[in-house]
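Okay, thanks for coming, everyone. Have a look at it while I talk.

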Amino acid sequence: MSMGVTRRAALAGVAGASLAACGIGRAAAKSYGPGVTDSEIKLGTTSPYSGPASGFGVYGQAQSAYFQMLNEQGGVNGRKINLISLDNAYNPPKALEQTRKLVESDNVLAIAGFLGTAPNTSVQKYLNGKKVPSLFLTSGAERFNDPKEYPWIVPLYPTYVAQGSIFARYILDQKPGAKIAVIYLNDDLGKDFLHGLKIGLGDKAKSMIVREVSHELTDPSIDSQIIDLKGAGADTLMQFTTPKFAAQGIRKVHDLGWKPLHILASIASGIGATLVPAGVERSKGIITARWEKLPTDPATLNDPDVVAYAAFVKKHMPSLNIEDNTAVPGYINAFMIAHVLRRCDDDLTRENVLKQATSLKDVAPPMLLPGITLSNSPQDYLAFHGMQLGQFDGTRWVSIGDVIRISAAR
């Protein structure tokens, strides 16, 4: 009998040890970085809610609204997303100051990548040094796809260099004798577009580009630059700038009676943000590169992605003019961050967030054109590998040709 008791006690001890080990194993499986609990994941971001680029503030609003929607649906793996979104006024020093606050005072797990080349440049070195992931920032500057030097900075969108190169290929094919004038924003955005254009034109760049002028984000107008470019005898105009200035350029080109082949940077191609303020009649025939569905395009109004996006805007961003496509990349950014956090499961460390964000494989976020999916690797963070040219017909962007494969071009 004593042997039976002893045996049962021993078995109970083994079982208890096994259960304890299982419990320890389950506890160990939960690995949290800063800002994470069993019920919350704290993220941070900044956005230009004031200042000369405040029109881009809807990007940050879309991020916040998406996570609000997600939280109402139960969050990510049972955790609510607490996104702290601060104003950076599109001012690099302020972006850095606010980002420091998010990391050092608010103790966020990661930065929900924000919009803009200049503000992202200002925080790139800081976040990388602190080993804080900047997830899927919205800028096409080549400098952000640098896994070797800046492994914690994860871009998402097609590079400006690649876009400039695609525009060059189109010109060489459609108008090989073009006399090209370029106006570009005097920062990495404008310079990268111009660099890509020259890469695409190759040896012909020097002879085909007859004039190039820059402008500052704080300039009140670019009318004088447009007059200068027309005076150079150009028959092709490239605008590598932001919506406000692109709209000014379109209006001035029309007022001058100038009828160049007119190409806009993708960042300035929003119908609501650029073409409507410029005048849709004045904007007919303009060409751009695109990869996102348009929420107001008659051809896709019944598309499931567009229907879902319209419902999202109606409920969570009721004051947004749905023609303002600036909210779309913010919506996609938040979707992709949520995708990464789901993949992390209970290993919500900064290291695992980075790992999951840089090992995407054929992810299809909502609102992308058919045939475009996202893949990257720890060696190359470039996630977009396709875009399509489009031409504005006075109502919508009409696709030109098939999806064009792209790669990083330096």
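So, two helices, H9 (243–255) and H10 (271–278), each put at least two residues into the lining of the largest pocket. Keep in mind that this is a predicted model. H9 has the largest share of that lining, with six residues. As for volume, the largest pocket comes to about 280 Å³. It has 19 lining residues, and the ones closest to the centre are Gly55, Phe56, Pro243, Lys244 and Ala273. If you sort the lining of the largest pocket by class, you get nine nonpolar residues, seven polar and three charged.

Now on to the second largest pocket, which holds about 230 Å³ of space. Thirteen is the count to remember here: 13 residues line the second largest pocket, with Val253, Trp258, Lys259, Arg282 and Lys284 closest to its centre. And which elements give two or more residues to this lining? Those are H9 and helix H11 (280–283). H9 gives the most to the second largest pocket, namely three residues. The classes in this lining are five nonpolar, four polar and four charged.

How many cavities of 30 Å³ or more does a search of the whole structure find? Two. The largest cavity has a volume of about 460 Å³. There are 27 residues lining the largest cavity, and nearest its centre you'll find Ser266, Ile267, Trp291, Glu292 and Pro329. Helix H5 (160–174) and strand E11 (287–290) are the elements that give two or more residues to this lining. Of these, E11 has the largest share, with three residues. By class, the lining of the largest cavity splits into 13 nonpolar, ten polar and four charged residues.

The second largest cavity has about 60 Å³ of space. Its lining includes Ser139, Phe144, Tyr157 and Tyr381. If you're looking for charged residues there, the lining has none: the classes are eight nonpolar and four polar.

Last topic, the aromatic rings. The count comes to 13 aromatic pairs. One of them is tyrosine 66 with phenylalanine 67, an edge-to-face pair with 6.2 Å from centre to centre and 85° between the planes. Are these two residues buried or exposed? Tyrosine 66 has a relative accessible area of 7%, so it counts as buried. Phenylalanine 67 is buried too, at 1%.

Another pair is tyrosine 309 with tyrosine 331. Their ring centres are 4.9 Å apart and their planes stand at 85°, so this pair is edge-to-face. Why does this pair tie together separate parts of the chain? Because tyrosine 309 sits in helix H12 (residues 304–316) and tyrosine 331 in helix H13 (residues 327–344), so the parts it links are 22 residues apart in sequence. Tyrosine 309 is at 0% relative accessibility, so it counts as buried. Tyrosine 331, at 5%, is also buried.

Conventions
Residues are numbered from 1 along each chain as its sequence is written. This is a predicted model: local features need pLDDT of at least 70, side-chain atom pairs count only at pLDDT 80 or more; totals for chains, interfaces and linings use all residues. Side-chain values use heavy atoms; hydrogens and water are left out. Rings of Phe, Tyr and Trp (its six-membered ring) pair if their centres lie within 6.5 Å; planes under 30 degrees apart count as stacked, over 60 as edge-to-face and the rest as tilted. Buried means under 20% relative accessible area, exposed over 50%, partly exposed in between (1.4 Å probe, protein chains only). Helices (H or I, at least four residues) and strands (E, at least two) are DSSP runs, numbered from the N terminus. On a 1 Å grid over the protein atoms alone, a cavity is a set of points where a 1.4 Å probe fits but cannot get out, and a pocket is an open set with protein on both sides within 12 Å along at least five of seven lines; lining residues have an atom within 4 Å of a point. Grid points are joined across faces, edges and corners, and a volume is the space filled by probe spheres set on the points. Ala, Val, Leu, Ile, Met, Phe, Trp, Tyr, Cys and Pro count as nonpolar, Asp, Glu, Lys and Arg as charged, and the others, Gly among them, as polar.
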